[in-house]
Amino acid sequence: AGGRIVEVGGSRGTLLSYLLRVVPDATGVLLDRPEALAAAPDYLTAAGVAGRVELVPGDFLREVPPGDLHVLCHTLHNWDDEHARAIIGNCARASHPGGGLMVIDQLLPDGPEPSLAHLMDLIMMLALGGRERTRAQHEALTGPAGYTLVRDTPVTDVLPWRVLEFERR
């Protein structure tokens with residue numbers, strides 16, 4: 001089933017266009033600041049999905065459009081826990097029971113082991129006040145909003161990125 005996929009902070013829509021090509025009966029919503037959406041119309045047209053995407057200028061810290069799946073790709077790591085909880089809460093309010101949340105980010109390892117995620121964690125803390133998180137820390141942020149982790153998929157051959165899929169109870 002296609003449904004309505006909302007990419008939260010998706011800029012020009014690179015990931016959303018991919019998802020819409022993979023799920024041809026889905027529609028999409030691209031939410032970001034107006035200046036971040038500037039390149040989206042041309043990109044989505046070139047990707048062949050412009051007719052299936054609604055562009056929504058806005059602020060995901062305030063409100064997120066309704067959808068069946070909300071996607072946060074390299075978004076939460078820009079923010080401290082308080083702001084990350086606000087973004088996740090906005091996604092939950094715009095979702096329905098059974099709705100999904102997909103988080104794509106680098107994951108810190110659970111134990112003391114080498115990982116490029118540690119370097120990115122330091123960069124995010126110094127540059128933006130954000131941070132990388134472990135899977136358990138993501139679950140602690142999403143759980144109070146009603147989400148349960150249903151799948152954790154490593155993105156092979158691409159740094160320590162993971163796709164965490166949550167379902168809203």
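Guide: A disulfide is a pair of cysteine sulfur atoms within 2.5 Å. This is a predicted model, in which local features need pLDDT of at least 70 and side-chain atom pairs count only at pLDDT 80 or more, while totals for chains, interfaces and linings use all residues. Residues are numbered from 1 along each chain as its sequence is written, and side-chain values use heavy atoms, with hydrogens and water left out.

With that in hand, a search of the whole structure turns up zero disulfides. C73 takes part in none, and its nearest cysteine sulfur, in C91, is 13 Å away.

H74 sits in the loop between β4 and α3 (81-93), where helices (H or I, at least four residues) and strands (E, at least two) are DSSP runs numbered from the N terminus. Phi of H74 is near 55°, a positive value in a residue other than glycine. H74 is partly exposed, at 26% relative accessibility.

Now let us turn to R133, in the loop between α4 (116-127) and α5 (135-142). R133 counts as buried, at 1% relative accessibility. Its side chain reaches two backbone oxygens: that of L76 at 3.1 Å and that of W79 at 2.8 Å. Both are polar contacts, that is, pairs of N or O atoms within 3.5 Å; within protein, one must be able to donate a hydrogen and the other to accept it, and residues adjacent in sequence count only if both atoms are side-chain atoms. Leaving aside neighbours within four places in sequence, R133 is in contact (heavy atoms within 4.5 Å) with residues including H77, D80, D81, Q106 and H138.

Next comes the loop between β3 (53-57) and β4 (69-73), which holds D59 and also G58. D59 is partly exposed, with a relative accessible area of 36%, and G58 is partly exposed too, at 25%. A polar atom of the D59 side chain lies 2.9 Å from the backbone nitrogen of L61. For G58 and L30, which are 28 residues apart along the chain, the C-alpha separation is 9.8 Å. Setting aside neighbours within four places in sequence, G58 is in contact with L31, D32 and R33.

S11 lies in the loop between β1 (4-8) and α1. Phi of S11 is near 55°, again a positive value in a residue other than glycine, and S11 is partly exposed, with a relative accessible area of 33%. As for α1 itself, residues T14, S17 and R21 of α1 meet Y43, L44 and A47 of α2.

Conventions. Buried < 20%, exposed > 50% of the residue type's maximum accessible area, 1.4 Å probe, protein only.
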